[in-house]
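The sequence and model are displayed first.

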Amino acid sequence: MVKQDINDFNARVKRIKNPRNKSYYDPDLGMHIPKRVPRDQIKKKVQHDEDSYLGKFIVAMVIGAVALMFAQVVRIRFFGLSLDSDVMLALELFVAFWAMLLLSTLLRKRHIFDRIGQLAGIGAMMVAGHNLIWRWPEQMAYIYTDAHVQQVLQQTEELSLVWGAAVLTL
C-alpha cells in the first residue's frame with residue numbers, strides 16, 4: 001500500500017513537471033490546476049481613474065492640518081509653552097512632521113502627491129488655523145486651553161490670515 005501511494009505521488013509529480021502541460025489534472029481536487037498563472041491574474045489592477053485628484057489632495061491637506069493641530073495641542077496643553085520664539089516654532093513643526101508621517105503611514109497616504117498635500121495642509125493650518133477657534137471657541141477650549149483660546153481671540157480677527165507677526169484681514 002505504501003508503494004502504491006509513492007507511485008501515485010511520483011506520477012502526479014511527473015504530470016506537473018511535464019513541460020508540454022500548461023495545467024495538470026489533480027484527482028483529489030477534481031480540477032485542472034494551471035502551472036503558471038500570469039501576474040495580472042494574481043494582482044488585481046488598481047483603478048485610480050475613479051478617484052478625484054482634488055478629493056485626494058483635500059484628504060491629504062486634512063491629514064497635514066490634523067498633524068499640526070496635534071503638535072499645537074502637545075505644545076499648549078501638555079507643556080504649556082507659548083509660540084514666542086523660533087525654537088518653539090521649529091519644535092512644533094518637528095512634532096507636526098512626525099505626526100504627519102505617522103498618520104499618513106496609518107492611512108496609507110505616502111505618495112509624493114499626498115506628501116505635497118500634507119505639507120500644504122500644515123501650511124494652511126499655520127496661516128489660517130486660528131479661524132477654527134473663531135468658529136468654534138467652546139469646542140476648541142476643550143482641545144486647547146481656555147487661556148489659549150482667549151489669547152487667540154484677542155490677537156487675531158475673524159476670517160484673517162496670520163503671516164509671521166502680521167494679521168491680514170480678508
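## Basis of the model

The model is predicted: local features need pLDDT of at least 70, side-chain atom pairs count only at pLDDT 80 or more, and totals for chains, interfaces and linings use all residues. Residues are numbered from 1 along each chain as its sequence is written, and side-chain values use heavy atoms, with hydrogens and water left out.

## Overall form

The chain contains eight helices and four strands; these are DSSP runs, of H or I over at least four residues for helices and of E over at least two for strands, numbered from the N terminus. Their order from the N terminus is α-β-β-α-α-α-α-α-α-α-β-β.

The chain has a radius of gyration of 29 Å, whereas a compact globule of 170 residues would have one near 15 Å. This radius is taken over C-alpha atoms, and the globule rule is 2.2 Å times the number of residues to the power 0.38. Along the principal axes, the C-alpha trace spans about 90 × 35 × 30 Å. Of the 170 residues, 25% count as buried, meaning under 20% relative accessible area, with exposed over 50% and partly exposed in between (1.4 Å probe, protein chains only).

## Nonpolar core

The largest nonpolar core comprises 19 residues, and M125, I133, M140 and Y144 have the most contacts inside it. At least two residues of this core come from each of α3 (53–78), α4 (86–106), α5 (112–128), α7 (137–143) and α8 (146–155). Helix α3 gives the largest share, seven residues. Such a core is a set of buried Ala, Val, Leu, Ile, Met, Phe, Trp, Tyr and Cys residues joined through side-chain atoms within 4.5 Å.

Apart from neighbours within four places in sequence, M140 is in contact with M69, L132, I133 and V149, where contact means heavy atoms within 4.5 Å.

## Residue I63

I63 belongs to helix α3 and counts as buried because its relative accessibility is 6%. With neighbours within four places in sequence set aside, the contacts of I63 are M100, L103, S104, L107, K109 and Q118.

V162 stands opposite V167 in β4. Two residues lie between the strands of this hairpin, in which G164 adopts a positive phi near 70°.

How values were computed
Two strands pair if DSSP finds at least two bridges between them.
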